[in-house]
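Please walk me through this structure step by step.

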Amino acid sequence: MGNFDKKVEKFWEIFYEHNGYTKVLTGLENTLYIAIVGLAIGIIIGTLIAIVKVLPKYKRIARILDGICTFYVALFRGTPVVVQLLVAYYVALPLLGINMPALNVCVLVFGLNSGAYVSEIMRSGILSVDPGQMEAGRAVGLSYGVTMMKIVVPQAIKNILPTLGNEFIALIKETSVVSFVGAADLYVAFNYIGSNSYEFMVPYLVMAMIYIVLVAIAALLIRVMERSLRKSDRRN
Amino acid sequence: MIDVIDLKKNYGNLEVLKGITTTINKGEKIVIIGPSGSGKSTFLRCLNCMEDPTSGAVIFDGVNIADMKVDINVHRRRMGMVFQQFNLFNNKTVIENIMLAPVSVGIQELRRAKIKNFFTRARNVFTPNKKVLIPVNTSKAKIKAEAKENALRLLKRIGLEDKANVYPSTLSGGQKQRIAIIRALAMNPKVMLFDEPTSALDPEMVGEVLDLIRQLADEGMTMVIVTHEMGFAKEVATRVLFMDEGRILEENTPAEIFSNPQNPRTKEFLSKVL
């Protein structure tokens, strides 16, 4: 494995002495930025869609909204996220005449994409909350919306937190395709190191390890959050 | 206080209520009895439109609340409801459970008054005949403080003030149901609707809940109770309705209905349960 030592040395040279690590840090920052903000957007969109989906359907407006949401989910679950990125960056935004940095486009696309998935997670969460909770809220004179936001959705989020954590982890990993539209993430950083040292084994190995560590930290945070939300529960 | 006129409720092709007409007067304690599946609970839930009636009218304080156009939330605040399964808000502590509705309704009304006043003021600038503003003599903090004080007073009444800051999952069934009752009372309702309030309780906890309901009855609260506790019905009711197959078959004072039932179905039912 003397060969391997040499490879590590080469990697270190570019990584440390030629300031490769600044690129890695930027990549890390962007990866996390896209995943976290994307998930936040996804949760907001997903919650709204889920509420529309569980709405009683005797009003026409509810049926129209339901149709729109069904179309949205079909659209964003029916195409790969890479395709969505490319379409957004090279088709939709130029057609609309909007000039936006690649990173923001990525955040937006990942948010919209994750919204479609979170909506189904959230819907199952809302359906898992005892219907008596909604009834009790309505019986004391609170509106459907207030009861939904103050009683049902908080309990739904608690129920779906493990699944939501899954979505976050998936999102962290999926961000590795943002280089398709020129955003600088971890892949771009390690690819830079690789191409400058003509040696790809070590950089990609380190990249994989960083992803594993990121996901492990995310999983830990989710566990901590779950435990703090469980304080109203008997299952401690 | 509540006039029910030819109330009908269908679930698809299933007719649950087949035309109910009755009047609930102020101060009355009405107990509804009948076999399961007779439509008692559905009738009770139609009174505050938890179930939307298929046809007919429920006139509460002169307003037909079965009409889809009325803001049902405003009227429900004047009708407390207690459920078989308690339905305390699991994500809120006991005191938050009691305060939630008074606080959010109070703040909502405050916000509406402020918005209305804003437009009145804007209008008053341009017109000579000035409109009067809605007096706003409260604030968010004041609403919260008042609701908290009231909640603590109610908790003290049932002897559970030490449970104010715990979550419902740590309480016994009897405690949950008593808190559910005072949660409804926190909105100062004119009428209380009880949907089998003791059916999900262990036998030893039934007493404490019935005691509380009895106290409310003695204070003159108007109430409609669906129950299987015949002894309690006899003691508390001013009028008993016997329902079967979606109709009121007999209504009378408890003394009459329990000792001298007229309808054969009532006789049969009472002979089984007493």
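B:N87 counts as buried, because its relative accessibility is 6% and the cut-off for buried is under 20%. This is a predicted model. B:N87 sits in the loop that links β6 (79-82) and α3 (94-126) of chain B. Its backbone deserves a look too. The phi angle of B:N87 is positive, about 55 degrees, although the residue is not a glycine.

Now turn to chain A. A:Y198 also has a positive phi of about 55 degrees, and it is not a glycine. Its place is the loop between α8 (186-197) and α9 (201-229) of chain A. Is A:Y198 buried or exposed? A:Y198 counts as exposed, because its relative accessibility is 73% and the cut-off for exposed is over 50%.

Go back to chain B and find strand β9, residues 239-244. This strand is mostly covered, with six of its six residues buried. Its side chains point two ways. B:R239, B:L241 and B:M243 point one way from β9(B). B:V240, B:F242 and B:D244 point the other way, and all of these are buried as well.

Which strands pair with β9(B)? One is β3 (residues 29-33) of chain B, which runs parallel to β9(B) and joins it over four bridges. In that pairing, B:I32 has B:L241 as its bridge partner. Another is β10 (residues 247-252) of chain B, which runs antiparallel to β9(B) and is joined to it by five bridges. Here B:F242 stands opposite B:E250. The hairpin of β9(B) and β10(B) has two residues between the strands. In this hairpin, B:E245 takes a positive phi near 50 degrees.

A word on pairing in general. Strands of a sheet pair through backbone hydrogen bonds, either parallel or antiparallel.

Next comes an open sheet in chain B. Four strands form it, in the order β2-β1-β4-β5, and the pairing is antiparallel. Its edge strands are β2 (14-24) and β5 (63-64) of chain B, each pairing on one side only. Look at β1 (residues 2-11) of chain B. Eight bridges join β1(B) to β2(B) in the antiparallel sense. Within this pair, B:K9 stands opposite B:L17 of β2(B).

Helix α1 (residues 40-47) of chain B lies across β1, β2 and β4 (55-60) of that chain. What angle does α1(B) make with β1(B)? The helix runs at about 120 degrees to β1(B).

How values were computed
Residues numbered from 1 in each chain as written. Chains lettered and ligands numbered in written order. Predicted model: local features only at pLDDT ≥ 70, side-chain atom pairs only at ≥ 80, totals over all residues. Heavy atoms only, no water. Pairing = 2+ DSSP bridges. Contact = heavy atoms within 4.5 Å. Axes fitted to C-alpha atoms, helices over the stretch in contact; angles between N-to-C directions. Buried < 20%, exposed > 50% of the residue type's maximum accessible area, 1.4 Å probe, protein only.
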